[in-house]
Amino acid sequence: MNTKKVPTLLIFLFLLNSCTLQDDVSNEYLEIVEPKFSGIHFQNTIIENDSLNILSYEYLYNGGGVAAGDLNNNGLPDLIFIGNLVENKVYLNKGDFKFEDITNQSGLQGRRDFATGVSLVDINGDGFLDIYLCYSGPGDEYSRRNELYINNGDLTFTESAKEYGLDAIGTYSTMAAFFDYDGDGDLDMFLLNHGKTFYNPLSQTSKLRAFRHPYYGNQLFRNDNGKFVDVSEEAGIIGNGLNFGLAVLVSDINNDGWPDIFVTNDYNEQDFLYLNNADGTFKEVSKTAMTHQSKFSMGGDLADFNNDGLIDLFTLDMLPEDNRRQKLLKGGDEFDFYQALVDSGYHHQYMRNMLQLNRGLDQNGDLVFQEIGQLSGVSNTDWSWSGLFVDMDNDGLKDLVITNGFLRDFTNKDFLNYTYADAAKEARLKGQEPDLLALVKRIPSTKVGNYLFMNKGDLTFSNESKKFGFDTPRISNGMVYADLDGDGSMDLVINNINEPATVFRNKAKEKTGNNFVMFKLSGVGLNSQAIGTKIKITLSDKSIQVKELYPVRGYQSSVDPVLHFGIGKNKEVIKAEIIWPDRQTTEIFNIHINQTHVLDQSDSDKDFLIESKIQNQDFNFKDYTTSLGVSFYHQENSFTDFKVNPLSFFQHSKVSPAAAVGDVNGDGNDDFFIGGAIGQSGALYLSNTDGRFDEIKHGPWTLDADFKDAGAVFFDANGNGLLDLYVSSGGTEFSLYFPTLQDRLYINKGNGNFEKAENVLPDLTGNNGLVLAHDFDGDGKVDLFIAGRSVPDQYGVSPWSFLLRNESTQNDLIFRDVTPSKLRNAGMITSGEWHDMDGDGRKELVLTGEFMGVQVWKISLDQSREISNDLGLNVKKGFWQSLMISDINQDGKPDLLLGNLGENSQLKADVDKPIKLFIGDFNNSGNILSLMTNNIQGELFPIYSRDIMLSQINNLKKKFVKYVDYAEAGICDILGPQIDHAEFKILESLKSTSLISSVQGYQEIILPLEAQIAPITGGLQIGTDNPEFLLVGNLYPFMVDLGAMNSGTGLLLRQEKGKLSHVPTPICNLDIRGDVRDIKRLKRKDGNEMFLIIQNNGPLKILGIEK
C-alpha cells in the first residue's frame, strides 16, 4: 500500500524562547505558550447575577469544551473554544504556535446562549470538517437548540442543524458524538443530555427509569440520507429524567468490529455501557461487565493504556487527595441510601475516579472489567472534568492528563448546613426568598491544580504534575491533545474558567529523543475521516499498541483526528493492521518513523475477522458445579453492622461461610460441608457412585439454622475411623456469650448419618472462626484449636481463642480447655495451619489475622511459647486474610504466602506511617469504642465524617462546631488527652506477600502487582515439580466511603528463581469473581483435583482444570 508523507514543521529555538513562560523546573517537557505570542486570547468568563448563579443553575460552573482539527485542510490543527456566557472563538493555526482569530469572518461565534460541548465532524462527506455545538442552560426551549455549522470550504460556515434534523430544540445538551453505529457508511449521532429537575430516585423507581424524558434523556440519531431520525427507543438507549450525562465515549470495546457506547452520569443514575448488537440495537451491560462505577461521573476516556490490545475505561469523579477537602466537601456516604439505590436497581457507585482494566470476554462471551484506579494511583484528583490517555513522552505508554476545578466549593458542608440554611430560614421568616447572589459570594472558592500522571508500564502511574508544570491552580474543564507544531509530540489545550485558555507546548521529542509515528486517515463515501478506524501496530521489540479514531474524548471536547503513537527507541514499525469502519482491513509493513502517514480506506483488501477468546495453554478452569449436582447458595442475613455500630469500617458479620473437606463416606472421593448463615442451615454433600454429589437432607445441622457457621473441620473425634464434623459459631449479630455462639460437634454414625453431641464441649460462646485439628500432645487423639475472630461490637479487643484437648474415652466424648494464657488472646485470627516450622518433627501452630503479624506457637502440655522471633520470622502487622505454607523456593524449608487487603484501596499503610486503630472508652461511659484511621498524605486522620464522629463521641460536639474545624484536625487533635489512655493496634502493610526461608531467617518478597488488585482470602498450591499457586479473594462489606473491594477474579502465581511471578491468564480461562472467602481442594480417586470456591452471599462453585 502506498502512503503519502506529510512533512513535519520545524520551530526555531529563538522562537521557542520567546513564546513560553519561564519555569525553574529544568526537566519538564511542557511549556506554556503565552497568549501574546500565540494570539489566543480566549477566556470563558462566568459572571453571576441575581437571576443566573450557581444556586439558580447548578451546572453553571461546568465549563466549556475545546476542539482541535484542520478546518482548512492545510495540515495544521486549528482550535475552537466554547464560551458558556461569552462568544466562542475560532483560531486558525498559522504554524510556529501562531494563531489567527477568524471567529467573525467564519461566523462561528455562536449564539449568546449557554454553549457547552463542541464536536468536529465531516457530516456531509465533502472532505471539510463541520462543527456541531451543544447548548444547555436555564433559558427557554428555543435558546436550547443545538447548531450544526457546515464548512463551505473557504473558512466560512452555514448553520444547518434544522435542515439535518439535529437542532434538538429544548434539550439540555452536553456533547455529541458522531460515528457509524449501523455500518451503513454514513455517520450517526449520539446526543448526550442532562437533567435540570431532581427527581427522588427511590420513588416509583421502575416507572421513573423507564419513562423517556424529551429534554433530559440521551438520544441516538440515525442518519437516513442526510436527515437524522431519533431511534433511541428502538435502539435500546435509556433516556429517563434521572439522566445527568456529562460524557459520551465511543469505542469497539469488545473487539467485535462494531462501535459501542459508554455514557457517564452525574448524581444517582448510573453510568451505562451499551454494546452494539450489530443489528441497529444495543445491549446495556454495565452491571455484568463492571463490579462498580464512579458515583458522580464526569468526563473520561477509552483507550488501551497497558498495551494488551484491549480497550480500557477511565472515568472521573470528585474525590480530593487531601483530608481537609475530603471531610469538608464530601462528608460521609450513608449506607442506607447507598443500599436503597442498589436495592432499587442502580449499580454500585462510589465517589472516586475509576480505571476499568479490560480483561476481555469470559467463558460466556461476556465483557469483564477489573477496576484498579486506587492501585494505579489515579483515583483521587478532586473535582475533575476531562481525562485523556495520551503518550506525553513518546515512550510507547499512554499517560493520563486530567483537568480539575470548580469555581466555588458548592458542596462545602459549612455553607450548605449553616450559611445557606440559616439565611434561607431567616428570609422565609420574613416572608422573603433568600438573596441568592449574596449567598453565592459567601461560598468559598478554592483553585486546585490539574494532574499529569506518567504511565510506569506496570498498571500504575506516577503523579508528575509538579515536575511538568501542570499543577498551577486553575479552574479547568475541556481539554484536547494535538500536535500543534508538527514535531511529533502531543501538545495540550485547555479551556479555563475566568482566566485565559492554556496552551502547552510539548518538548518531549526534543528532550527524550523518543520516536513516533502518526496516521492521518482518508475514508470513503460520507465518512471521509474514517471515524471508527482501529490501528494496531507491532514494533521491533515485539510490543503492540492499539488506537482508535473516535475524536470525542474527555469532556465536551474533540481531539485532533490524527492517530499518534509514541514508540520509544524503536527504529521501525514492523507492521500496522488497519481495521476500517466497514470492517475491511489493510496491513502495511516496515513503516518509516518520525513522520505522518496518510492511509486511504479505498486500499483495504481483507475482511475483518473477530478474534476468538485467547486461551491459556497451561490452565483452563471450568465450572463443574451444576454437572456435579451441587446447587448451594449462601444467603447472608440482613443484619447491618453499621447500624449497630456506626464506627464499624467493615461488616464482620459477613466473614462466613465456613467449609470443611474430607472423605466422609470412605469412597476415595472428598466430600464437603458448607456452612450457612443465620436462618440458613449448612449442607453436607457426599459423593456418589457416578462421581456427582448428593446433599444429605436431614442432618442435625438443619436444626441449628439459628447459628452462623463460621468455621468447620472434619476430624475423627472418637477414634472410630469415621470423620466427624466440628462447626464453630460466630457472628457480630449476637452479644458475647449468647447461646447461639456455642460451637457444635456432629458425630458420624456411618452411612451419611450424623448425630449432634451434647455437653461434650466447654463454654465456647464467642465470635469464633477458624478451626484446626491436630494431635498436639501425641496421645493418638485429635485435638482442636478454635480461633477467636473478634469481639462483637468491640472490634480491636482481642477475643478469646481456645485450645481443646481431646480427653475422650471409649464410652465418653469430652474436650477440655487447656489454652495457654498467652495464646488465649492471640489476636483477631483469620487464618492458620499446623506445620513443622523448625524441623523438629513436631507441628507448630501458625497463626495470622487482622492487625497481627505471624505467630508460631510451639504447643505442649508442659510449656507453650511463641517462637516466631527465634525463626527469624518478623512479619509486619497487616490485615491478613489468608496464610499458606509451602516450600516455595524448594530448599526443603517451609515458606509462607500471606494474603492481605492489597493496594487497590483508599487505605494506605507502611512501617514508617502505619494505620492505627484506637480502642478506648472515649465517652467515659463504660462502653468501648474503636476508631479506625487512615494515612492521608503522611498524617493520621479518622476515616469517619464529622457527623458520624460527633454522633458517637459526645465531647466533640462543642469542639468541632464547624466542618472546617474537623476537616483540619488530625486524630491527635480530635482525641486530645484521651489518646494517651487509649489502646491502639497498627497496620504496617496492606500488601500481600511471601516470606521465603534463607540462612538469615525469612526474607519478605512482595507478591506481584496483580496480586495487590484485591484482597487474597485463600489459596492453594497446584502441582509439585514447579509449583503454581491459585489465589482467590474479594471483600465486599466495607463502609461505603471505602467501597467494596471486589476487583478480584482469581490469579495464578508461579515459582521462578525463588520468588513468585504472575502467570497471565485470560478471564475466559480463570474467572473467580464474587465475595470469595476461601478455596478448598477436593481430591478425587481418579487422581484429578477440583476446587471448592466459597462465597459469602453467593453460589458455591466447583472448578476443575480442563485437560
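Is helix H8 (residues 323–330) mostly covered or mostly open, and how many of its residues are buried?

Mentor: Helix H8 is mostly covered, for seven of its eight residues are buried, where buried means under 20% relative accessible area, exposed over 50% and partly exposed in between, with a 1.4 Å probe and protein chains only. Helices (H or I, at least four residues) and strands (E, at least two) are DSSP runs, numbered from the N terminus. This is a predicted model, in which local features need pLDDT of at least 70 and side-chain atom pairs count only at pLDDT 80 or more, while totals for chains, interfaces and linings use all residues. Residues are numbered from 1 along each chain as its sequence is written, and side-chain values use heavy atoms, with hydrogens and water left out.

The buried residues of H8 are Asn323, Arg325, Gln326, Lys327, Leu328, Leu329 and Lys330. They pack against helix H11 (413–429) and helix H18 (963–967), and also against strand E63 (929–936) and strand E64 (939–942); contact here means heavy atoms within 4.5 Å.

Domain 1 covers 33–409 + 445–512, domain 2 covers 515–603 and domain 3 covers 915–985, with bounds from an automatic or database domain assignment. The centres of domain 1 and domain 2, taken over C-alpha atoms, are 22 Å apart. Their contact takes 72 residues from domain 1 and 33 residues from domain 2.

For the chain as a whole, the secondary structure comes to 19 helices and 74 strands. Of the 1107 residues, 64% are buried. Contacts between residues at least 6 apart in sequence join residues at least 24 apart in 61% of cases. The radius of gyration, taken over C-alpha atoms, is 32 Å, which agrees with the value near 32 Å for a compact globule of 1107 residues; the globule rule is 2.2 Å times the number of residues to the power 0.38. Along the principal axes, the C-alpha atoms fill a box of roughly 105 × 75 × 55 Å.

Most residues other than glycine have a negative phi, and most peptide bonds are trans. Ala168, in the loop between helix H4 (161–164) and strand E11 (173–179), has a positive phi of about 45°. Ala168 counts as buried because its relative accessibility is 11%. Gln556 has a positive phi near 55° and is found in the loop between strand E35 (552–553) and strand E36 (557–558). Gln556 is buried too, with a relative accessible area of 5%. A cis peptide bond, with omega about 10°, joins Ser656 and Pro657; Pro657 has its place in the loop between helix H14 (641–644) and strand E43 (659–662).

Finally, Ile696 is found in strand E46 (residues 693–696). Its contacts, leaving aside neighbours within four places in sequence, are Leu684, Leu686, Trp701 and Gly752. Ile696 and Leu684 are twelve residues apart along the chain, and their C-alpha atoms are separated by 5.5 Å.
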